[in-house]
Amino acid sequence: MNRKSPVYLNALRAFEASARHGSFSGAAEELSVTAAAVGQMVRGLEDWLGMPLFHRSTTGKARLTLTENAERALPDIRAGLDRLGIGLDRLRESATGGILNVTVSPAFAAKWLLPRIDRFQARCPETDIRLETSLKLVDYKAHGVDIGVRYGDGNWPGLVAEKLMDEEVFPVCSPQFSNLGDLSEPADLARTTLIHDLSVDPAIGFITWEMWLRAAGVPETQPQRGMRIDNSAAVLQAAVEGRGVALARSILARDDLAAGRLLRLFPAVRVPSKLAYYVVYRAEYASLPKLRTFRDWLIDEATPSRS
């Protein structure tokens, strides 16, 4: 582009987001502007180029489909916007202050991160944490995320994943749970109320009650009764309140066990999870001081002596 050519940076962002979402409204939500503003920016870019970028449709899920020329150009435009963002971050690389955008699951935030975050603020008071909690895998680039903690197998394309903590899964209940005296062996769980955690898909290796009971030597049991909750923190809270026996994730249950709010059942039965917690970030941002500081703090907190 020569120096006399207009710089359509916002229009290029609007075009890229519209192409990814297949609509102006989806792009508008991401960019925090109106759909009309996105459409106007894209049309301005089309007028300057002298060619359409999208085939428009008033029906169907995808209201916008790329023209052949736009489809060829899109990867380079995306790469350019990405490099521009990295370049801007490089300009402020020497600063440890400012905002650090962090993403974690709601349960990990409630049961592990937030009870410890004061120690990070004491270590790095000039950095402000902006925390996004979601069960969905957030697009780091699209949402401006710097770093996060994810639960899974450690394989997320385009991201660096460093193992933070392994995990074990085991039954827990309140010490005052009314049926506690009847729970002398794992097979007794078939006669009590079980709390099921629906927050993670078993297809990726998440341990269910059926899987745990089989590992504990109770192969014929297929537990169906009990509560079903799609938040691991709420699963533990239900157990604390005496609603039944929960299948706990050791990292999330650690503080409740230490405080005596929960009791681990059948500690001789050890069922490690195939999934673990990982510190996850984009490789391009690995040198940012505030990211490195937060990553190092997470690793320190995860050591057995601290966590």
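**Helix packing and a buried glutamate in a predicted model**

Helix α9 (residues 232–240) packs against helix α10 (residues 250–258) at an angle of about 30°, and their axes lie 10 Å apart. The model is predicted. Angles under 35 degrees count as roughly parallel, and α9 and α10 are therefore roughly parallel to each other. Their crossing is right-handed. On the α9 side, the contact involves S232, L236 and V240. On the α10 side, L252, A253 and D256 take part. By class, the residues of this contact divide into four nonpolar, one polar and one charged.

The axes of helix α1 (residues 9–21) and helix α3 (residues 35–49) come within 8 Å and cross at roughly 110°. This angle makes α1 roughly perpendicular to α3. From α1, the contact draws on N10, A11, L12, A14, F15 and S18. From α3, V38, M41, V42 and L45 contribute. The contact of α1 with α3 has eight nonpolar and two polar residues, and no charged ones.

Helix α5 (residues 106–113) is largely enclosed by the rest of the structure, because six of its eight residues are buried. These buried residues are A107, F108, A109, K111, W112 and L113.

E167 sits in the loop between β6 (160–165) and β7 (169–173). Its relative accessibility is 4%. Buried means under 20%, so E167 counts as buried. The side chain of E167 makes a polar contact with the side chain of Y151, at 2.7 Å. A polar atom of the E167 side chain also lies 3.4 Å from the backbone nitrogen of I251. Leaving aside residues up to four places away in sequence, E167 touches Y151, R249, S250, I251, L252, P272, S273, L275 and Y277. One of these, L252, also belongs to the α10 side of the contact with α9.

The protein chain as a whole contains 11 helices and 12 strands. Of its 307 residues, 43% are buried. Among contacts between residues at least 6 apart in sequence, 75% join residues at least 24 apart.

How values were computed
Residues numbered from 1 in each chain as written. Predicted model: local features only at pLDDT ≥ 70, side-chain atom pairs only at ≥ 80, totals over all residues. Heavy atoms only, no water. Axes fitted to C-alpha atoms, helices over the stretch in contact; angles between N-to-C directions. Helix = DSSP H or I, 4+ residues; strand = E, 2+ residues; numbered from the N terminus. Parallel < 35°, antiparallel > 145°, perpendicular 65-115°, else oblique. Left-handed = near helix turned anticlockwise from the far one by under 90°. Contact = heavy atoms within 4.5 Å. Nonpolar A, V, L, I, M, F, W, Y, C, P; charged D, E, K, R; others polar. Buried < 20%, exposed > 50% of the residue type's maximum accessible area, 1.4 Å probe, protein only. Polar contact = N/O pair within 3.5 Å; in protein donor to acceptor, adjacent residues only side chain to side chain.
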